[in-house]
Structure formats: C-alpha cells, structure tokens
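Me: Could you walk me through how some helices pack here, and what one of the pockets is like? I'd like to take it step by step.

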Amino acid sequence: MSSSPARVLAALNAVRPPDQPSPVIGRAVVVGGSVAGLLAARVLSDYAESVVIVDRDDPHVTGGRPGVPQGSQLHALLPGGFLQLERLFPGFRERAVAQGAIEAPPAARRNYLDGRLKVVVPDDADSLAGTRPLLEGLIREQVLRLPNVKTVTARATGLVCDGGVVTGVHCEAGGATGVESGDLVVDAMGRSSRLSEWLEQAGWDRPALRRMTVDLNYATALFRRREAAPEATVVLALHTARMSSDVAGAAFFAREDGRWMAMMAGYGANRPGRTADDFVRRLREQFPPEFGALAANEMLGEVQTYRHADSRRRDFHGLRRLPAGLVSVGDAVASFNPVYGQGMTAAALHAACLSAYLRSGPDLGAPARRFFALQKVVVDVAWSMSTSADLALPHVDGPYPRGYRLSSWASRQIVSATVTDVPTARRFNEVVSMLAHPSSLATPGVLLGALRANRRAR
Ligand SMILES: Cc1cc2nc3c(=O)[nH]c(=O)nc-3n(C[C@H](O)[C@H](O)[C@H](O)COP(=O)(O)OP(=O)(O)OC[C@H]3O[C@@H](n4cnc5c(N)ncnc54)[C@H](O)[C@@H]3O)c2cc1C
C-alpha cells in the first residue's frame, strides 16, 4: 500500500455505498450477527448475490442477549461511528430518535478532565445517546430488511476448506449439524473468536495475538430521570493519573426509556461502585456537581459490574500463509479498553475496508491481503490511541514504545489544552472519533498551540 496511513484513514472515512449494487461474490457467510457482523453484512449486500448471517443467538430476541454480555454496560457511539451509520443507513438518526434515542449534539455533551469542564467545539460532529441494545436493534432491523440478507440461528464450529480456499463454516443447532457454504466467510465472532484455532486445525497458521493488560473494572447503574429533555444528555468525566483518585472515570447518558445510565471505572485492585451506597457516594464526592445531582435520583435495580482484562489484537495482516475467501472484522480482530468507546466505530471502519476492498475488483481466489492491509491502518489507529493512554496508568508496565517519554509528555500537553482551547480540542476530538489519524496531532503547530493555551490557562 503506497498511501500514508493518514490518507488511507481519510479515504476509509469517505467511503460511501455504491449507487447501484454490483455483485462480485455469489454467497457471503458472516459468522456473528452483532454490530461488526451486521455492518459487514450491510456492505456485502451491495457486493454479493446473497448474504447469510450465522449467530448462536436468535436475531429476533430484542434487548440483552447472551452472545453480547457487554450489552448491559454503557455504550457511547463516537461521532465518527455515527457518521458511518448515517451513510450506510440514510435516515438512521430520524429512525433512532423515533425509537427513543436521545440527541447528543455538541452543546448537549459535557466533558470533564480532572474536574475541569472542557470547551465545547461548536462544529463538532453529532451523536446520539441510548442503550447498546437500542443501537444494535436499529442496525439489525435495517440490515434484515435488505432483500438479499437472511439469518441462521446456529453456532459455527469450524471452517470448511477446499485446498487454499475457505468455502464455508460448519454449524450446529439443536443437536443437528450442517454447513453454510459461501464464496467469502467473514469472522465477526467478537473478542473470543475461535478463528485462530480453526485456522490451525485446518493446517494454517494462527495470527500473532498481542495483548495489553488493562485490568479494568466497570460498574453500571440506572437512575430515574425527571427531565424529559435534559440540557446535557451525555456527561463524561475522566481522571488522569495526576488526580490520585481510585476512580479513573465516570459517565452518565440519557436512555430511551426515561432513565439515566451511569458508569464508573477503576483499574487493577480499584473496583469502585460495586454496591449502591459506594456508587452514589463516589459520584457525589469525586466528580463535578452534575454527578452529585444525578446521584440524588432514585437508583433503579442493582449495580452491574464487568471486568475487562486486556486490550488485544490479532495480526492477520502479518500471516505468511492465509487461505482465500476469509476475512475477520470487529472485536475478533482487535478489542480495546472500552473506556475510550472505540469498538463500534472501529467495526464501522472495518466495514468501510471491506467496501473499499470489494470495490477494487479483487481476485477472490487469492487471500484478502489488501483487505487486511487496509484494516491494519484502522487497528493501528485505535490501538495506538488506547494503549498509549493506558501506558500512563500506574498499574500498566509496558511494553513502552521507543520515544515514549517524549510522546507521553506531548500528549499530556495536548490533552490538557483540550480543556480551554477550541482549535486543539477540535483536532483532538477528530482523532479520538477516528475521523483523523493520530499523526495529525504530532505536528509542531499543534504542540505549540497546546503549550500556549496551557500557559494562558495558568
Ligand atoms: C464493558 C464494555 C463497554 C463497551 N463500551 C463501548 C462503547 O462505549 N462504545 C463502543 O463503540 N464500543 C464499546 N464496547 C465494545 C463493543 O461492545 C464492541 O466493539 C462491539 O460490540 C462490536 O463487537 P463485535 O460485533 O465485533 O463482537 P460482539 O459484539 O462481541 O459480538 C459477537 C457476536 O458473535 C456471535 N458469536 C460468537 N461466537 C459464535 C459462534 N461460534 N457461532 C455463531 N455466533 C457466534 C455472538 O453471539 C455475538 O452476536 C464496549 C465493550 C465492553 C466489554
């Protein structure tokens, strides 16, 4: 690939569905019907005669489901992901709002860093607030409306290969076994995907697995919401290591069912908010007054906790031996510290990679190396942002990349300037939203602007 990663990311962010479907594949099989699988299926509906989504959960079950245990936790949709959804499903915003999703334009989002309220970037991209099941349900509804997409409720158990080509997956449902055949198989089985084992069983290499321990403890609670149309619908507060707090951050969002959903996170041995009393006390004592006001509302139900051990990526792009007819998307390829809210936006960009790859008229009898090369750019972006922030955590001990001390000093300056300086905050938000490459922050102009802003703020 000759273009710079920044250009590739910009091109992926600009990918649009073709005006007319132009099939280059007969049948595509997507294993996993969550956000990444559904978005891949949406893209494939333009390039395949037919698409089948295989998931072990019944697609018609609404709300929480066993295949996505994280679904009950707070999920933020980054503005970058929201833009992609609007492009794939024109009118997504109106439909979402009609089903209760809450508008979250820049003025309705409050962002605190170490207790200081950040400036609002007036022209920042838009977003929505709501539950993860609402968002996933909306995406599913629109994908399943496509005439050439169908679903099969079954557990995939292995690959079917013919020489150097993957030709389908083995499936099992209610004791019966079968095969779903296709010209392209998409692994969207999430972070516990078994594709690596399946490749090895079929005589191929498994991709290198990289992990960074984050040891994150999440706690989520629901509160009654009195205001039908609150002024702020998405409120986030992050603590850096300087705060010497055992709570790394908290957030609360308006939900479609007239409630607030609040989250609190800590690392390592810090498990804040496990009981209702602890949750409420910490919101009051460790966060800006808006959090205290939230905590004054009635808590509904129990606090739900979740533990997230590590960020991990599987480097399919580095495999020397790879069968044709196979790609992998979403958390199955890379899943990150959820505090940064990157997962669904990264999945949308993986779908854009699939679109760009299929539009380029690839030789489908050869491994999808071009797809994995595009996807590597997206994974590198999300990985570098989440792991470089995590390296600053006291309990994380590397591996530190070369030049880490200098780059972490520079990023502290930039992050600090986002509190007061609109141009720095605008650039930073674009990067955090995955709309712009992190290299756009690594310029002398940005650093000088941040240093000046920090001096003014002092
Ligand atoms: C606590 C937490 C909070 C998060 N918060 C955010 C956030 O704020 N914003 C954000 O963008 N992202 C967030 N994420 C990440 C987000 O949940 C994922 O990135 C997103 O769901 C996309 O994942 P996926 O579709 O790749 O996999 P998953 O959502 O994990 O889905 C995998 C699917 O594969 C199916 N499956 C698995 N194995 C098989 C099999 N053998 N056969 C058939 N089907 C199978 C499962 O049933 C499931 O439907 C968070 C994650 C966690 C853990």
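Reply: Helix axes are lines fitted to C-alpha atoms over the stretch in contact, and angles run from 0 to 180 degrees between N-to-C directions. Helices (H or I, at least four residues) and strands (E, at least two) are DSSP runs, numbered from the N terminus. This is a predicted model: local features need pLDDT of at least 70, side-chain atom pairs count only at pLDDT 80 or more, and totals for chains, interfaces and linings use all residues. Residues are numbered from 1 along each chain as its sequence is written, and side-chain values use heavy atoms, leaving out hydrogens and water.

Me: Is α1 roughly parallel or roughly perpendicular to α10?

Reply: Start with the angle: α1 (residues 5–13) and α10 (residues 369–390) pack at about 100°, with axes 10 Å apart. Angles under 35 degrees count as roughly parallel, over 145 as roughly antiparallel, 65 to 115 as roughly perpendicular and the rest as oblique. So α1 lies, relative to α10, roughly perpendicular.

Me: Which residues of α10 make the contact with α1?

Reply: Contact means heavy atoms within 4.5 Å. From α1 come Pro5, Val8, Leu9 and Leu12, and they meet α10's Leu374, Val377, Val378 and Val381.

Me: How do α2 and α9 cross, left-handed or right-handed?

Reply: The axes of α2 (residues 35–47) and α9 (residues 343–359) come within 9 Å and cross at roughly 20°, so α2 is roughly parallel to α9. A crossing is left-handed if the near helix is turned anticlockwise from the far one by less than a right angle, and right-handed if clockwise. For α2 and α9, the crossing is right-handed.

Me: Which element gives the largest share of the lining of the second largest pocket?

Reply: A pocket is an open set of points on a 1 Å grid where a 1.4 Å probe fits, with protein on both sides within 12 Å along at least five of seven lines; lining residues have an atom within 4 Å of a point. Here 20 residues line the pocket, with Gly71, Ser72, Pro133, Arg255 and Met261 nearest its centre. Two or more residues each come from α5 (132–144), β12 (208–224) and β16 (299–315). The largest share, four residues, comes from β16.
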